[in-house]
Amino acid sequence: MLQLSLVQRRIPQALLLIGDDGAGTVALALELARTLLCEAPHITERTYDRCGDCHSCRQSAQLQHPNLQFVLPLPAGKAASEGELTTALVEEWRDVVSEVSIDPYVPLRLQQASAIRIGQIRELKRMLAMSSAAGGRRVVILHHADDMNTEAANAFLKTLEEPHTDVTLLLTCERPEVLLPTIRSRCQELIIPPIADEDLTRYLIKSESLAEQEARLVTAFAQGSLYRARRMAQEQVSDERRLALELLRTALRGKDYRIDLVTLVDHICEGKQRDRVDNVLSLLSVWLRDARCVAVSEHHATLVNSDQYDALLRFSQGFGQADFDQALSVLEEAAADIHRNVALPLLLLSCALQLRRVFAAARQGSPTPSSHPVAV
Ligand SMILES: [Zn+2]
């Protein structure tokens, strides 16, 4: 569809790309921007491709084209607009953009970024009002448009209503429902679907050299994101699963669990790696889903952790009556908090203790003595 719009020179002024970053939303935005900026595109009746060789293409390959601008959410309290960035933020911005120029599946995000602010939209407006530095088409990538605060969104709407010559606005967002309907109605929308599970699994086996079992485990919670899948593959999913299960096992132990639990939580959170904590929570979710399957059904063809069948069976015998939905929502809430500014050990510890409560409720009335260690 995009190719055809390009061939017919009917690229809309504003395009809204809806989808997860890891599924290729940024990759598509960058490819489109590079193609639009190319000085000597190869055009046929049905295709329109950048040449990859002209001055523009070389500049845009590194995302250093003067006519290519980014608007990204900024961390709270650090700067009101791009013009006021601190030196440290300017450096971080440059690093993030340069990383994305090499691998468009890496998150295009500043640390603790929270919102796109009105100052940024005013700056964008000023920039669009001036004639372009290098002449020719200008492309603005407004990334995570759903992070615009209300003031910024209202100001942006006005920008959208004004005609601009030779300007293409590429918006990306993961939650279109929070955008103003008036903004959405002025953009042509394009949905980027999550990457299919089979494709991810095949990719992991081929490019990351995972065994099939491991590739399937990674795919199960990558949720269609290549970035997530790759990150998990490189961080050795089996080791992290072992940590995740140890966490569950320790949290559910009858007594004398506290010191071990704190030690283990500290170990998992060492180095403040949010990604690692995120992985551990995701692995636990997948594992509990499997345990629920084993508890309710004889058919186990769809188990992700099929190599752990005995452990799953033991767990489902002890906790088959537990409220799995509640346990899964505890994990989901913790995962959502990871990228907010929370202390990781506290988050993980509180999550483990909540799981303990959920599963303890299932064990009440069971003949197992409370001091008996739980088989996980
Ligand atoms: Zn070119």
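**Entry 1: Thr-159**

I looked up Thr-159 and found a relative accessibility of 0%, so the residue counts as buried (buried means under 20% relative accessible area, exposed over 50%, partly exposed in between, with a 1.4 Å probe and protein chains only). Thr-159 sits in helix H6, residues 150-161. Helices here are DSSP runs of H or I with at least four residues, strands are runs of E with at least two, and both are numbered from the N terminus. Leaving aside residues up to four places away in sequence, I found Thr-159 touching Ile-121, Lys-125, Leu-128 and His-164; contact means heavy atoms within 4.5 Å.

**Entry 2: what I am looking at**

I noted that this is a predicted model, in which local features need pLDDT of at least 70 and side-chain atom pairs count only at pLDDT 80 or more, while totals for chains, interfaces and linings use all residues. Residues are numbered from 1 along each chain as its sequence is written, and side-chain values use heavy atoms, with hydrogens and water left out.

**Entry 3: the whole protein**

I found 16 helices and nine strands in the protein. The C-alpha trace spans about 80 × 45 × 35 Å along its principal axes. Of the 376 residues, 49% are buried. Among contacts between residues at least 6 apart in sequence, 72% join residues at least 24 apart.

**Entry 4: the zinc ion**

Which residues coordinate the zinc ion? I found Cys-38, Cys-51, Cys-54 and Cys-57, each through SG, at 2.3 Å. Donors are N, O and S atoms within 2.8 Å of the metal (3.2 Å for Na, K and Ca); water is not among the atoms, so sites may look incomplete. Along the chain the donors follow the spacing C-x12-C-x2-C-x2-C. The angles among the four donor atoms are 104 to 118°, and the site is tetrahedral (for four donors, all angles lie between 85 and 135 degrees). The ideal angle for four tetrahedral donors is 109.5 degrees.

I also checked accessibility: Cys-51 is partly exposed at 22%, whereas Cys-54 is buried at 10%.

**Entry 5: H8 and H10**

I looked at helix H8 (residues 197-207) and helix H10 (residues 226-234), which pack at an angle of about 35° with axes 11 Å apart. Axes are lines fitted to C-alpha atoms, for helices over the stretch in contact, and angles run from 0 to 180 degrees between N-to-C directions. The contact is made by Leu-200, Tyr-203 and Leu-204 of H8 and by Leu-226, Ala-229, Arg-230 and Ala-233 of H10.

Terms used
Tetrahedral: all angles 85-135°; square planar, octahedral: opposite > 155°, others 65-115°.
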